[in-house]
Amino acid sequence: MTGYIFPNELEVNWGLFIVLYPYLTGLVAGAFIVSSLYHVFGVEKLKPVSRLALLAALAVLLVAPMALTSHLGQPLRALNMLWTPNPTSAMAGFGYIYSFYLIIVLLEIWFMYRKDLVQWAAEKPGWVGKMYNLLTLGAKDISPSALQTDHKVVGILAIVGIPSAAFLHGYVGFIFGAIKANPWWSTPLMPVIFLLSAIVSGIALLIIVYAASCLLRRREMDFHCLMTMNKYLWVFLIFAFVLEVLEVIHMAYEAEKKWSAVKGLITQVLPFSYFGIQLGGMLAAFFLLLAGRWKKISQSIARNLTLAAGGLVLASVLAMRFNVVIGGQLISKSLKGYAVFHVPLWEEGIIPAAGFLILPFVLLVGLVYLLPPWLDSQPEKKRRRGFERNPHRQEHGSIFKRLFPFGEH
Amino acid sequence: MPIREDEKVFTQQAVVRVGLILASVLVVFFFARWLVTPESFGQYGRYRGDSIGEAAAREVSFAGDNTACKACHQEVFLAVSRNEHGKLNCQSCHGPAAKHANDTALEMPKVTGNAELCGPCHMETAGRNKRVATVKLQLHSGGVECTRCHDPHRPYGKLRG
């Protein structure tokens, strides 16, 4: 604690789970936009990730409210908000938008996979086939006209999905931006800032997930697809960065009473996570992405630069959520002091938070096994030589055998 | 992409199935809502109307302000009203006194665990007003009851030896 704070400001009530909630929701919006770039705007180069993007969006979407309701302590109480909504409750609005969006994503995935589901239901033996059979909901018509309808419905859902995704995340920003008592949150720019950082983080997530999936399946990564994501990430990154910086510059230039408190927050309380990770990460990613698109470097370097940029953006956006959610609570309403945030290990602490960050990937692996999203026809890469046993190498036997040469006589 | 009227999207098997499922989700939502929403919800505002009656029907446990206490315990009342604790309600430390005030044969429970009673005001915390004397409880008394030395009715008086 520094300076003067009011007694009830000592405890930071919104902890790491509330940091994760806008982070995870943001990843969804971004991943969905990538899938829509293919389905709505016809960016053909993104085809290899179009289905993976939707599965990733669903996996993260399912975890986002878990962090939120775990924070409540009594998760079932979250339902009261939906049964008997208060028209002035921003959070109830989020509940409805979230549910609507979840339905859109589920439907889009179902229509996209319907043909495959019908085929898998016929091909796979035993309970796996039965499960796919159940998932087809009995709609087994895969005549060309039916598939044409599916395609059309996917298009419509993707079109409806874009504003929904934008609303979903803009709304998270709105929830913070509408808190007028908090100098660090209260700005009408907040929804836009949140939305853009969401898109940025989602594209970055997809870059990493796509790379990981290629690595695990030992397939060559589609370089053009990766570079297209690089390009979109770069463009959105510019907007996200400019908005985040402009907001603070605007506040500084206005130099209202609250500025001294905000200035102290970013220069003394959170300098590392604000300037170092949030802004520094974005700047570094900007240059790495730019370098990755330079024609004179080899594909593998370009790929690694893009991947590094993706990782940096993910870290930067997580830091941004932390700086907003926790930072906003550290400023005293007296504007004369700062509380201290202690991160616990358990409860709303590091370990469960890490769990919520890992859980989407576990779900994604499950979803990918259930609904393989791969559209590539490339053959499996040969194992790298390093992993292969060299046939010319002389066999020495293991250390164990050399130390204990039993049974060799 | 534009939908022509002659391509009937809404009669396709898959669309109909999904539509039925969505409709049933809505039905389940409204049924669950009907099931869990209390009957008197919204009677006066966005809360359970019955809760007002239920709260009013609960037994009164506090005896209001210090008037009732003063009637019998005049000496203590005068002593305490001359110092910093004079503005406190007797029941803040002594507990709810409605039963005792109505029937003095029923004795008040003894006040125990005064570290817990004094702590909320006298424990040192980062944001506390320095006009109130605050201590680090563990260092100050190490768990010994505050009343062993202090008299809460005369906080600035002589310490009890």
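Visitor: Which helix is Leu233(A) found in?
Guide: Leu233(A) is found in helix α8 of chain A, residues 223-254, where helices are DSSP runs of H or I with at least four residues, strands are runs of E with at least two, and both are numbered from the N terminus. Before going on, please keep in mind that this is a predicted model, in which local features need pLDDT of at least 70 and side-chain atom pairs count only at pLDDT 80 or more, while totals for chains, interfaces and linings use all residues. Residues are numbered from 1 along each chain as its sequence is written, and chains are lettered from A and ligands numbered from 1 in the order in which they are written.

Visitor: OK, is Leu233(A) buried or exposed?
Guide: Leu233(A) is buried, because 29 other C-beta atoms lie within 10 Å; the term buried asks for 20 or more other C-beta atoms within 10 Å of a residue's own, exposed for 12 or fewer, and partly exposed covers what is in between, with C-beta atoms placed from the backbone.

Visitor: And what does Leu233(A) touch?
Guide: Not counting residues up to four places away in sequence, Leu233(A) touches Val200(A), Ile203(A), Ala204(A), Ile207(A), Leu289(A) and Val313(A), a contact being two residues whose C-beta atoms, placed from the backbone, lie within 7 Å. Leu233(A) and Ala285(A) are 52 residues apart in sequence, and their C-alpha atoms are 9.5 Å apart in space.

Visitor: Which residues have the most contacts inside the largest nonpolar core?
Guide: They are Ala56(A), Leu206(A) and Leu233(A), in a core of 126 residues; such a core is a set of buried Ala, Val, Leu, Ile, Met, Phe, Trp, Tyr and Cys residues joined through C-beta atoms within 7 Å. Helix α1(A) gives the most to this core, with 17 residues. Among the residues that Ala56(A) touches are Ala31(A) and Leu364(A).

Visitor: How many residues of α1(A) are buried, then?
Guide: Helix α1(A) is mostly covered, with 24 of its 24 residues buried. This helix, residues 16-39 of chain A, reaches 35 Å from its first C-alpha to its last, close to the 34 Å expected, where the expected span is 1.5 Å times one less than the number of residues.

Visitor: Zooming out, how many helices and strands are there in chain A?
Guide: Chain A has 13 helices and 2 strands, and of its 409 residues 42% count as buried. Its C-alpha atoms fill a box of roughly 80 × 65 × 50 Å along the principal axes.

Visitor: How many residues of chain A are in contact with chain B?
Guide: There are 22 residues of chain A in contact with 19 residues of chain B. On the side of chain A that touches chain B, α4 (90-123) and α6 (144-177) each supply at least two residues, and the largest share, 6 residues, comes from α6(A).

Visitor: Changing topic, where does Glu347(A) lie, and why is it called exposed?
Guide: Glu347(A) lies in the loop between β2 (337-338) and α12 (350-370) of chain A, and it is called exposed because 12 other C-beta atoms lie within 10 Å. Glu347(A) also has a positive phi of about 50°, although it is not a glycine.

Visitor: What about Leu137(A), what is its phi near?
Guide: The phi of Leu137(A) is near 60°, a positive value in a residue other than glycine. Leu137(A) sits in the loop between α5 (126-135) and α6 of chain A, and counts as partly exposed because it has 16 C-beta neighbours inside 10 Å.
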